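Have the model open beside you as you read.

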Amino acid sequence: MDWLTAENIIAVVTALVGVLVSIAAIWVQWWVPRRRRIGYRVQLDTSIGAGAAASSAMTGPGATVRRGYFDTNQDLTDATIVLLRIENDGGLAIGGDDYTDGGTTGLTVRFAHRDGGTGPGRQMKAIVVTAPDHPGLLTHFDAAWQPTMGVGSIRLPKVPLNRGAHYKLLVLLTGGPTGTPVTVEGTLDDGVVHVNHSTTPDDKAPLFSRVARTVTLTLTLCMIALAVIIVREQTPPPIGCAKGSLTVTGSTAFAPVVRDLAKKYEKDCEGATVSVEAHGSTSGIRRLADEGAKKAKGSPAVVALSDGRKPGGFPELRESMVAVSLYTLVLNDDVPVDNLTLDQIRRIYRGEIKNWGELVPSMDLPILLVSRDANSGTREVFQRRVLGRNEPANSSLDCRTSNDPESPVIRCELDSTEQVLSTVAKLPGAIGYTEVREGTGLKGLHRVAVDGRRPVLDELGESSYPYREIEYAYTWREPGADSLTASFLTYLRWGSGQDIIRAHGHLPCSTPKGLKICGEG
């Protein structure tokens, strides 16, 4: 449960809030309008009786100026007129069966006291139903519908309403002032009856709806919270970091990978120092064994990298497969050859082909073999995978001329891959070997195919290209789980090391394809 930190919990909760708000917005915008809804609103409520103001100078609810019939009829002393609009403002049509109050009543309109008292309030004297846009609705207000006059409520029939359909009630009332509450009551199957509002020409619709504003604000806050977590003053180290000092030795061919990894590990893991001292695979194995033998118990802070498995005689060393490495032969650019057969390579290193003129008739150029010393894993792989035997003995100190008259070849040995490459690049007729990445982009030399096959990382496992090997990491026994040695090995094999290994032209053993090839050995 190492991920269960305060920052991660906040990040997860923030992300969930963002997701839930989005889901809620979709629900509000899609589901709520699709319910059955009847909306109503009072469009007119005014006094017409003699009890109202007789002068326009009078203020207050129901203030009117009356003339003619309304001014002379004594029966209209406290009369008021209410215009009520009833409409389907939902997303579904409403049928007669959707009213669930029972009987023949669909809705009930009530006229209450201003102060909520229990007296009679306003009573209906007359009513007109109109539906100019939907005249078919009036057929439901037939002769059987006879609302009771002189009471403060109106029972309306079960009127089917399509989406947007509406009808209006013009009601003449007595017994109370204007402004008292007018309500419509009723129940719908999976629906509501509610007060709604109209948008007048003077109203300006908002640029964003309330739902859009809420969602935008919430998601913005979520993004700010996540940004604060990600861009914080101190980034916590990766899981498994350890402090101390570690030395990585061994393969010079794999050294560029390890140098980049060491820099990144030191950057990610404060308090760790990783030194790379590459002097060849065999030399690294021997150094690790010497360091381990000196230690009474535990494991020394040393990792040895080897091109291929270690030689015999080191039973205390424990191995880990890291990557599949590709190697290539390289030629000086003065030699116009870009492909050699396996047989030609073996004959060259046996001294049976001594001059490039034997392969390129127009040339007269001695072949110079630029090789690695006996500590080199790259050399060991070349001998085992390509030559099928050991290289001939060293016969030259300067890589140009032979110091051994009896040697069939001119061959020198150098301490590192870098020395091999620089020497091949400057000596006409020279041939050497290197891991693929180190042989890329260098002036004065070029790669050579073997039997027409070239070292291509993506073709590993499919091509029969012979010059390849598994890179191994060795430790003295099993290092402590919380040690820098164990931490760096994990980083190398499973962490950020995979990307760096691949960037250098190697295939990590921890990838699906790498697991298969490394498992085959």
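## Around Thr 282

Setting aside residues up to four places away in sequence, Thr 282 touches Ala 374 and Asn 375, where contact means heavy atoms within 4.5 Å. Thr 282 sits in helix H5 (residues 281–294); helices (H or I, at least four residues) and strands (E, at least two) are DSSP runs, numbered from the N terminus. With a relative accessible area of 17%, Thr 282 is buried. Buried means under 20% relative accessible area, exposed over 50%, and partly exposed in between (1.4 Å probe, protein chains only).

This is a predicted model: local features need pLDDT of at least 70, side-chain atom pairs count only at pLDDT 80 or more, and totals for chains, interfaces and linings use all residues. Residues are numbered from 1 along each chain as its sequence is written, and side-chain values use heavy atoms, leaving out hydrogens and water.

## The nonpolar cores

A nonpolar core is a set of buried Ala, Val, Leu, Ile, Met, Phe, Trp, Tyr and Cys residues joined through side-chain atoms within 4.5 Å. The largest one has 49 residues, of which Ile 345, Tyr 349, Trp 356, Phe 382 and Ile 431 touch the most other members. Strand S12 (residues 317–332) gives this core its largest share, 6 residues.

Beyond its neighbours within four places in sequence, Phe 382 is in contact with Leu 329, Ile 345, Tyr 349, Leu 387, Glu 391, Tyr 433 and Tyr 467. A second, separate core has 30 residues, including Leu 84, Leu 137, Tyr 167 and Leu 173.

## Val 12

Finally, look at Val 12 in helix H1 (residues 6–30). Val 12 is partly exposed, at a relative accessible area of 43%.
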